[in-house]
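Welcome! Here is a short briefing to read alongside the structure, arranged by topic.

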Amino acid sequence: MAKSRLSLEDKLFLVKTAKDTVSHIKIDNSICKKCRDKLCLRLCPAGTYEEINGKIEAAYENCLECGSCRVACRDGGIRWSNPRGGFGVSFSNG
Amino acid sequence: MRQTDKSEVIVVGAGPSGLACAYTLAKKGIETIVIERGEYPGAKNMFGGIFFSSIMEKLFPSFLDDAPWERFVGKRKFAILSGDSEMAFDTKPEFFNKPPYNHSFIAKRGEMDKWFAKKVEEAGASILTDYCVQDFLYENGKVVGITSGGDDDSFMADCVVCAEGANSILTEKAGLREKIGPERRSIAVKENIRLGQSVIEDRFGLTGRQGAAYEYFGSSVPGLLGNGFIYTNRDSISVGVGFSLSDYLEKKDGKTPNDILEDFKNHPAISPLVRGGETVEYMAHMIPSDGFKHLPELYRDGLLITGDAAGLLNTSFFHEGVNLAMASGIFAAETLAEAHEKSDFTSETLSEYEKKLKNSFVIKDLENCKNFLSFLHDHKAIINDYPALMNDVVVDYFRVSEKPKSVVKKEIFNRVMKNVNITQMAGDMWGAWRNLV
């Protein structure tokens with residue numbers, strides 16, 4: 001049977017988000033540099049984290065605000081706070 | 001906002017526990033403001049899909065007629081997926097299908113929380129949206145207000161109720177718990193898929209406002225503690241997977257949460273149910289798995305913690321969250337009413353809150369399932385090997401052939417003996433009965 005898989009990109013396109021100009025996710029790459037697991041790269045349901053030229057970068061505007069990365073990042077490379085009031089996701093069907 | 005803005009109580013978060021707390025306080029004539037970071041109550045919230053409404057119905061006897069629920073849960077299915085197979089227990093008792101519908105309703109938080117918030121406002125509390133609390137304000141160690149981070153942007157109160165939800169940043173900042181790690185949370189991802197009302201009713205065998213709640217164990221979340229689910233809304237379905245974060249991080253097979261959801265949707269047992277649907281929304285949220293043994297401190301001078309932020313979620317098969325959250329909000333409000341009377345918001349007075357929780361189903365149920373997750377974590381055979389074996393046995397038993405049934409029975413017996421250590425399985429089953437049920 002042909003498998004129909006919706007890409008993550010397509011799904012993120014459906015999420016209603018008010019984009020802030022400043023990121024609510026701060027990355028301390030001096031910590032990430034030493035992190036072997038880099039769990040954030042596969043854990044994030046929105047694929048927010050990417051490793052570019054050896055540095056972790058966060059496409060914070062895609063964040064679904066679940067906070068899993070904050071919980072999973074034991075060394076503190078990710079400093080995650082809630083987006084400012086008026087910004088971030090607005091779910092209708094939660 | 002100016003420093004002078006003051007209310008008797010500030011509730012942080014307009015979810016079920018925060019709103020239940022504010023409603024109860026407002027009814028008692030205590031000046032209350034609910035502060036919500038979302039654009040509207042429910043905008044940042046997600047749950048599986050079943051609203052357990054027994055507490056809500058006590059607050060609003062007209063819940064059944066007034067509240068924006070999607071469908072009542074008339075039909076439940078518990079299935080085990082294994083490879084491409086499904087084995088299921090399906091139940092549609094009359095009891096589920098007449099008022100009060102076993103107090104179980106499929107709902108969307110965006111709708112339900114908004115409705116609830118309106119009731120809270122009608123009762124006299126104020127609700128401020130689009131305001132994100134970044135920290136509490138202290139005076140001599142007592143919480144006296146909240147701030148969004150700006151110097152002149154704060155609110156003062158006699159007491160603050162923290163109903164911030166599963167991502168319990170403020171609770172950690174206040175030192176009521178250590179930074180939560182992956183063993184304390186599960187993650188759920190979910191899609192809302194539009195199918196149309198008549199397709200849903202035909203496909204799931206439903207009539208009128210009747211709804212279906214299907215839960216899938218086994219390989220729905222391969223090798224992980226968790227499950228997949230489908231809940232029917234009016235004209236759409238909620239399809240998702242939830243699993244333990246620590247399990248997921250240990251597994252390291254490179255699959256993302258979205259991959260796991262897509263695999264689930266493409267399982268032969270699931271794909272006919274989602275076929276032809278249009279995905280409307282994609283969401284993610286954490287679920288507390290603190291359990292009885294790892295609850296945070298629930299109060300300090302001028303502060304109470306309720307709902308998911310306090311880890312008050314039944315982590316067993318019951319998956320109850322909303323009603324525990326609401327009960328905790330109401331207990332917080334009752335405690336605050338007593339504190340208000342005495343004008344004493346010290347931790348000594350507020351400790352009454354913990355007593356109320358302990359004497360209620362909230363903590364009793366958490367205690368009852370205190371070993372649930374750790375037992376399954378240490379006995380993975382129960383979620384991996386036994387379901388697969390059970391499936392094989394059923395397949396062999398019903399396989400049509402000219403082989404005499406006596407030979408089939410013997411082969412099945414041999415297969416079971418070869419694959420499991422009977423003493424260990426008996427021990428696992430006894431443990432399962434004691435720890436899981």
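Two strands are said to pair if DSSP finds at least two bridges between them. With that in mind, strand β4 (residues 71-82) of chain B and strand β6 (residues 104-106) of chain B are joined by two bridges and run antiparallel. Please keep in mind that this is a predicted model.

**Strand β4 of chain B and its partners**

- Within the pairing with β6(B), B:Phe72 has B:Phe105 as its bridge partner.
- Strand β12 (residues 210-218) of chain B runs parallel to β4(B), and nine bridges join the two.
- Strand β5 (residues 85-91) of chain B is antiparallel to β4(B), with seven bridges between them. In this pairing, B:Phe78 stands opposite B:Phe89.
- β4(B) and β5(B) make a hairpin with two residues between them. In the turn, B:Gly83 has a positive phi of about 55°.
- Ten of the twelve residues of β4(B) are buried, so the strand is largely enclosed by the rest of the structure.

- In soluble globular proteins, nonpolar side chains tend to be buried together.
- The largest nonpolar core here has 76 residues, and B:Phe116 and B:Ile146 touch the most other members. Helix α10 (residues 322-342) of chain B is the biggest contributor to this core, giving eleven residues.
- Apart from this core lies another one, of 61 residues, including A:Ile78, B:Met46, B:Leu224 and B:Ile237.
- Beyond its neighbours within four places in sequence, B:Phe116 is in contact with several residues, among them B:Pro16, B:Leu19, B:Tyr23, B:Phe60 and B:Met326.

**Domains of chain B**

- The domain assignment divides chain B into domain 1 (6-70 + 107-180 + 294-373), domain 2 (183-288) and domain 3 (379-436).
- Taken over C-alpha atoms, the centres of domain 2 and domain 3 of chain B are separated by 28 Å.

- A:Cys35 is in no disulfide, and its nearest cysteine sulfur, that of A:Cys73, is 6.6 Å away. With 22% relative accessibility, A:Cys35 counts as partly exposed.
- A:Cys66 is in no disulfide either, and the nearest cysteine sulfur, that of A:Cys44, is 6.3 Å away. A:Cys66 has 7% relative accessibility and so counts as buried.

How values were computed:
Residues are numbered from 1 along each chain as its sequence is written. Chains are lettered from A and ligands numbered from 1 in the order in which they are written. This is a predicted model: local features need pLDDT of at least 70, side-chain atom pairs count only at pLDDT 80 or more; totals for chains, interfaces and linings use all residues. Side-chain values use heavy atoms; hydrogens and water are left out. A nonpolar core is a set of buried Ala, Val, Leu, Ile, Met, Phe, Trp, Tyr and Cys residues joined through side-chain atoms within 4.5 Å. Buried means under 20% relative accessible area, exposed over 50%, partly exposed in between (1.4 Å probe, protein chains only). Helices (H or I, at least four residues) and strands (E, at least two) are DSSP runs, numbered from the N terminus. Contact means heavy atoms within 4.5 Å. Domain bounds come from an automatic or database domain assignment. A disulfide is a pair of cysteine sulfur atoms within 2.5 Å.
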